[in-house]
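The following note concerns helix packing and charged side-chain pairs. Please read it alongside the sequence and the structure shown here.

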Amino acid sequence: MARMHSRRRGSSGSDRPAADEPPEWSDVDEDAIEERVVELAEDGYGPSQIGLKLRDEGVQGVPVPDVKLATGRKVTEILEDNDSTGDLPEDLRNLMQRAVGLRDHMERNPGDAQNKRALQNTESKIRRLVDYYRGDKLDESFTYEYDEAKELLE
């Protein structure tokens, strides 16, 4: 995967093993998995954190290596069906949190040119992502502004 804001090519990562069905040792009821996903979402966890918790802690003591294999639906689809999704997509929220943190750092350290560039790159990614989501998962009139992002994240 090539990096968006760097001069070097990305290194290839490992792929998950190709599987059509969950492993035999992980036979957890679909309803129990969905119930746990909704419960974790209500506790404030995002979709990727929910996947990690299910992989590590499991449901009823049994690990769930892949929610989609076990239930036939992604974590985000389960959350949408149960009206437990956040107001922003997870990747956009994470970038906004990073931008807010960088902006706060820049206010305290105005001479930090490296972080100034990191902030520009991050806000550039946010604007591209907003264009991608606008009309589908975001309002048509949604635009990224630092002040609004800070309010949304609180």
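1. A salt bridge is taken here as a side-chain nitrogen of Lys or Arg within 4 Å of a carboxyl oxygen of Asp or Glu. The model is a predicted one, in which local features need pLDDT of at least 70 and side-chain atom pairs count only at pLDDT 80 or more, whereas totals for chains, interfaces and linings use all residues. Residues are numbered from 1 along each chain as its sequence is written, and side-chain values use heavy atoms, with hydrogens and water left out.

2. The structure holds 10 salt bridges. One of them joins Arg 73 to Glu 34, with 3.0 Å between the closest N and O atoms. This pair links distant parts of the chain, 39 residues apart: Arg 73 lies in the loop between α3 (67-71) and α4 (75-81), and Glu 34 lies in helix α1. Helices are DSSP runs (H or I, at least four residues), numbered from the N terminus.

3. Are the two partners buried or exposed? Buried means under 20% relative accessible area, exposed over 50%, and partly exposed in between, with a 1.4 Å probe and protein chains only. Glu 34 counts as buried because its relative accessibility is 18%; Arg 73, at 22%, counts as partly exposed.

4. Two packed helices are described by the angle between their axes and the distance between the axes. Helix α1 (residues 30-42) packs against helix α2 (residues 47-56) at an angle of about 130 degrees, the axes being 10 Å apart. The angle therefore makes α1 oblique to α2 (under 35 degrees is roughly parallel, over 145 roughly antiparallel, 65 to 115 roughly perpendicular, and the rest oblique). Axes are lines fitted to C-alpha atoms, for helices over the stretch in contact, and angles run from 0 to 180 degrees between N-to-C directions.

5. Which residues form this contact, defined by heavy atoms within 4.5 Å? From α1 come Ile 33, Arg 36, Val 37, Leu 40 and Ala 41, which meet Ile 50, Lys 53 and Leu 54 of α2. These residues divide into six nonpolar, no polar and two charged.

6. Arg 36 and Lys 53 also belong, with Glu 39 and Glu 57, to a network of salt bridges. Within it, Lys 53 pairs with Glu 57, the closest N and O atoms lying 2.7 Å apart. Glu 57 is partly exposed, with a relative accessible area of 43%.

7. A further salt bridge connects Asp 87 and Arg 93, whose closest N and O atoms are 2.9 Å apart. Asp 87 counts as partly exposed at 48% relative accessibility, and Arg 93 counts as partly exposed at 22%.

Technical notes:
Helix = DSSP H or I, 4+ residues; strand = E, 2+ residues; numbered from the N terminus. Contact = heavy atoms within 4.5 Å. Nonpolar A, V, L, I, M, F, W, Y, C, P; charged D, E, K, R; others polar.
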